[in-house]
Amino acid sequence: MSCEKWEEPIALLVDGEPPADGLAEHLERCATCSQLLQDLRADQIALRTVPELDVAPLQWTGRRGRIRTGWWATAAIAAGLAIVFAWPGNRPDPLPPQPKWDNPPGLSPPKPAVAAKIRKKPRRIAPKKQIDSPARDDWAQILFEPPELEKRLPRGSTSEVAMQIQTSNPDVVILLLKEERFE
Amino acid sequence: MTVDGALPGVQPMIDDVAAFEALVRQNDRWIVALASRLTGRVEDAQEVAQEAFSRLHANRKSIGSDEQVRPWLRTVTVNLCRDLARKRARSLVVVNEECVARAAVESNPETHASHRQREEILRAALLRLSEKERTALVLRELEGLTTMEVATINGVTEAAVRGDIMRARLKLRKLLAKRLGREGQ
């Protein structure tokens, strides 16, 4: 048996277990294992003599930090919360804030009926388009603020200036495109 | 009513706050010491001790006799330390590495480390053990419990406890040999 395999029996011996067969003879012949036994016993003594950490005495003041109430208190709290949320004055405004549209002359803003219809119906999320096209907000910005477009694009590039026509159906938008070259 | 050599009885002091406070004062030191060896941090040890006494107060009616208080507190403390160690497993490893690294930098492997450094190295090495190994070794060596008692507290077999303690000793040996610069395999 190699020395590595004697480690476990030696550790058990330190713990007070009876020695394994042949361990005593091996310890007499092997200086390494004999040293291991001495080191394990020294560690055992060192472990037992390590002083305790200096800790201030515990201050017991009952169930500190823990709030425990009876069932009646829990019911009272639940009833109070129910009253708070059920109070008419505490109801939140059901309508979300109106989006701001900077419509140029000639284009009518969304009709209130359409806007209300939009708010009440769940919004359909259109599938993402694979083409690399600007977002809807970017198109709106291109439409309504063409002078900035000239500043953003380098010379020689082309762009499509879009005109957006909104229909009664909020999911249908008509775009009119034309090309311009900036030099 | 206090019995000589035993802890004050719990049952008679159900409504006696002063008596329970006296019970806390008699036991807080060894509870905190046990918890500090298992968790490695004084703050965690105090938190565990507070929780253990809170649970003792809450379950005082279910503890039958005086002799059951100390084992009951020990078991609860070990369980709380185990839960805390599992929650803070990552942070505990970081703390251990810091302690061991600091001790290794300060100590010269060519010469013997100072007594205080050796204590720090030993504490840090103890925290490098796994939670099961550390608990088994601390309860066996520092609390003086038998293998069977340790097995009862941990909810495992005696053979499992022997294995944990054996592995803990060998790991500790290797860690200490590495940090203290002792010659050995």
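## Model and conventions

This is a predicted model; local features need pLDDT of at least 70, side-chain atom pairs count only at pLDDT 80 or more, and totals for chains, interfaces and linings use all residues. Residues are numbered from 1 along each chain as its sequence is written, chains are lettered from A in the order in which they are written, and side-chain values use heavy atoms, without hydrogens and water.

## Chain A

Chain A has seven helices and two strands (DSSP runs: helices are H or I with at least four residues, strands are E with at least two). Its order along the sequence is α-α-α-α-α-α-α-β-β.

Of its 183 residues, 21% are buried (under 20% relative accessible area, 1.4 Å probe, protein chains only). The accessible surface of chain A is about 14600 Å² (Shrake-Rupley, 1.4 Å probe). Carbon and sulfur atoms hold 58% of that surface. Among contacts in chain A with a separation of 6 or more, 40% join residues 24 or more positions apart (contact: heavy atoms within 4.5 Å).

## Chain B

Chain B has eight helices and zero strands. From the N terminus, the pattern is α-α-α-α-α-α-α-α.

Chain B has 185 residues, and 49% of them are buried. Its accessible surface is about 9400 Å², with 51% from carbon and sulfur atoms. Residues 24 or more positions apart supply 67% of the chain B contacts with a separation of 6 or more.

## Ring interactions

B:Arg70 sits over the face of B:Trp30, 4.1 Å from the ring centre (cut-offs: CZ of Arg or NZ of Lys within 6 Å of the ring centre and within 35 degrees of the ring normal). Over all chains, there are zero aromatic pairs (Phe, Tyr or Trp rings, the six-membered ring for Trp, with centres within 6.5 Å).

Conventions: Rings of Phe, Tyr and Trp (its six-membered ring) pair if their centres lie within 6.5 Å; planes under 30 degrees apart count as stacked, over 60 as edge-to-face and the rest as tilted. Buried means under 20% relative accessible area, exposed over 50%, partly exposed in between (1.4 Å probe, protein chains only).
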